Amino acid sequence: MKQFESSHEVDASQAPPVVRVDGFDTVPALFWDRVTRYGSRVALREKDFGIWNEYTWANYGDHARRAGLGLLALGLNRGDVCSVAAEVCKEWLFADLGIVCAGGITNGVYPTDAANQVEYLVNDSGTRFYFAEDEEQLDKILAVRDQTPTLEKIIIFDMEGLRNFHDDMCISFEALLALGDAWGEDHPDAWKSAIEGADPEDLLTLTYTSGTTGPPKGAMISQRNMLFMVITLQRIYGIYPDDEQIAFLPLAHIAGRMFYTFAVIESCSVVNIVEDVETVFEDQQEVSPTIHFAVPRVWEKQYSTISIKLKEGTALGRFAYRVATSLGERVAAYRKQNSRPPLFLGIAFFLAELLVLRNIRRLLGIDDCRWLSTAAAPIAPELIDWYWSLGKPMYEVYGQTECTGLITANLPGANRIGSVGKAAPDAEVKLSDEGEILLKSPGVIQGYWNKPEKTSETFRQGWLYTGDVGRIDEDGFIYVIDRLKDIIITAGGKNITPSEIENQLKFSPYISDAVVVGDKRPYLTCLVMIDQENVTKYAQDMDVPFTNYTSLCHTDAVKTLIWNEIEQVNTRFARVETIKKCRLIDQLLDPEDEELTPTMKLKRKVVNEKYASLINEMY
């Protein structure tokens with residue numbers, strides 16, 4: 001495949017660094033270049049009622065221009081914050097580029113956020129204009145608008161069920177576009193002037209951290225930060241105009257914005273927006289993307305799906321799978337070093353692919369992928385190895401919102417599973433005296449919105465203090481051990497890294513997440529969140545009676561099932577690191593619950609506090 005011929009310039013010797021793509025140093029200028037140069041080429045597709053609708057760069061640009069002009073008509077000033085609360089959808093993208101090109105700052109709001117969280121985000125960011133996806137999101141902002149003094153206008157994407165709704169503060173997205181049309185006629189140079197008025201140091205977006213250790217903090221990501229990040233993605237893995245990816249991660253998350261919006265603009269590739277979060281699997285099978293980034297929970301779920309299907313399959317099928325993946329592991333050992341396997345092994349693997357592995361990859365929707373990538377949370381190395389054994393390279397990368405995405409990466413020929421790779425080009429990584437990972441690059445942000453004390457704690461002398469403990473081996477590969485604040489020191493003085501144990505537990509198809517407990521305690525215990533779908537099926541297959549999720553968790557059969565999974569993990573660790581007791585979280589959690597982050601990770605601090613009595617039972 002021919003590499004995308006785009007010129008990049010990063011001069012980190014200057015302060016601030018000069019970052020350009022095709023000669024452009026701002027996102028609005030680069031975006032409008034793509035619109036004018038590639039107008040008839042497809043930029044995005046969105047599935048609606050089972051149909052994939054296509055939108056060209058010209059469509060993309062037209063909707064963004066009209067939305068941006070509509071905001072200018074409403075009084076948007078350069079530097080004003082506009083919040084967007086919606087699942088990933090084309091309107092999110094149109095509004096985002098309209099805001100950015102008109103000179104505003106986009107702030108993503110997770111659609112799972114509760115009304116009180118929306119109130120906090122609107123007030124902390126000083127939001128003037130708020131985009132709500134539908135009636136559900138509208139209800140949240142209306143419930144708190146009397147406590148949000150900066151809020152002036154609410155724009156609604158989907159008016160279904162709201163046809164007879166009238167409120168002076170609210171207008172539909174279509175009405176905003178119509179406002180933009182009228183404003184554009186009266187101010188023919190406004191759009192061009194807005195784009196030309198952008199500066200590399202202008203804030204592009206606020207991305208709020210998950211708030212696992214306190215109120216969410218707004219990471220201030222500049223135009224320069226994001227351009228550097230899309231250049232880094234291009235340098236590391238390559239994203240080409242004929243590449244396709246599937247969009248399902250929330251756009252309030254840095255990964256979603258980086259991959260689905262700005263990397264698409266840089267590479268002129270195509271993004272396919274799923275119909276619903278519940279149809280991701282089916283939509284991915286239909287699209288068969290060529291590149292695919294996902295968080296570990298997605299990869300774990302795919303592995304669980306295959307594990308369960310194998311248990312339901314025939315003995316011959318399970319034997320064929322074991323033989324095929326064993327061959328895949330042997331071939332992967334060569335491919336990880338960027339070398340070719342011996343001829344006889346290559347032929348055997350070709351047959352294994354033809355008869356077994358290709359069917360698995362097609363079922364997962366990854367058969368056409370050039371590369372798979374994972375980040376945002378720890379992942380079991382064995383899970384990465386499994387994807388390699390299927391014949392698809394998976395690379396773990398590392399970064400944070402505070403450095404606009406990734407800053408280290410495993411690469412073809414420079415890959416060490418268990419590590420997060422080496423520092424990306426024009427990036428530096430080192431360890432503090434305490435072993436904390438420190439980062440420096442043109443992607444490191446200016447700081448946190450309206451939080452100078454938190455900014456000074458996290459950003460010092462040009463270095464980002466990540467809060468992660470790590471090590472760097474003699475070849476420069478970086479290993480993330482755990483969060484500094486999460487290291488467990490048992491009553492016996494033993495240091496334990498809980499994430500390593502938790503990753504192994506989550507490798508089970510029956511465990512969705514786990515929190516290991518044991519700080520200042522005589523032994524380790526854990527709280528487990530079961531995988532509802534797989535455990536329910538197990539209970540049904542075993543004729544275990546239950547009425548709901550809570551009763552399912554309290555059945556002896558399920559408790560035994562989970563304990564057996566824990567015992568298998570215990571065999572991989574030293575005695576002091578083994579789990580002695582466990583309890584199941586018997587409430588079905590979703591991202592709207594305080595225990596979970598929007599990316600479905602259990603918040604350790606919240607879990608320890610909320611389930612303190614359950615934990616104390618185990619001691």
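Predicted model: local features only at pLDDT ≥ 70, side-chain atom pairs only at ≥ 80, totals over all residues.
Local features are kept only at pLDDT of at least 70 and side-chain atom pairs only at pLDDT 80 or more, while totals for chains, interfaces and linings use all residues. Residues are numbered from 1 along each chain as its sequence is written, and side-chain values use heavy atoms, with hydrogens and water left out.

**Helix 1 and helix 3**

Let's start with helix 1 (residues 27-37) and helix 3 (residues 90-102), whose axes come within 9 Å and cross at roughly 125 degrees. That angle makes helix 1 oblique to helix 3. Helices here are DSSP runs of H or I with at least four residues, strands are runs of E with at least two, and both are numbered from the N terminus. Axes are lines fitted to C-alpha atoms, for helices over the stretch in contact, with angles from 0 to 180 degrees between N-to-C directions. Under 35 degrees counts as roughly parallel, over 145 as roughly antiparallel, 65 to 115 as roughly perpendicular, and the rest as oblique.

Where do helix 1 and helix 3 meet? V27, P28 and F31 in helix 1 touch L97, V100 and C101 in helix 3, with contact meaning heavy atoms within 4.5 Å. By class, this contact has six nonpolar, no polar and no charged residues. Nonpolar covers Ala, Val, Leu, Ile, Met, Phe, Trp, Tyr, Cys and Pro; charged covers Asp, Glu, Lys and Arg; the others, Gly among them, are polar.

**Aromatic pairs**

The structure holds 21 aromatic pairs. Rings of Phe, Tyr and Trp (its six-membered ring) pair if their centres lie within 6.5 Å; planes under 30 degrees apart are stacked, over 60 edge-to-face, and the rest tilted. Two of the pairs are shown here.

| Pair | Centre to centre | Between planes | Class |
|---|---|---|---|
| W32 and W191 | 5.6 Å | 70 degrees | edge-to-face |
| F131 and F173 | 6.5 Å | 65 degrees | edge-to-face |

W32 in helix 1 and W191 in helix 7 (residues 190-196) are 159 residues apart. W32 is partly exposed at 23% relative accessibility, whereas W191 is buried at 6%. Buried means under 20% relative accessible area, exposed over 50%, and partly exposed in between (1.4 Å probe, protein chains only).

F131 lies in strand 7 (residues 129-132) and F173 in helix 6 (residues 173-186), so their pair ties together parts 42 residues apart in sequence. F131 is buried at 0%, and F173 is buried at 3%.

Ring pairs also link F31, W32, Y55, W57, Y60, F94 and W191 into a cluster.

**Helix 16**

Finally, helix 16 (residues 498-506) is largely enclosed by the rest of the structure, because eight of its nine residues are buried. Among them are P498, I501, E502 and K506.
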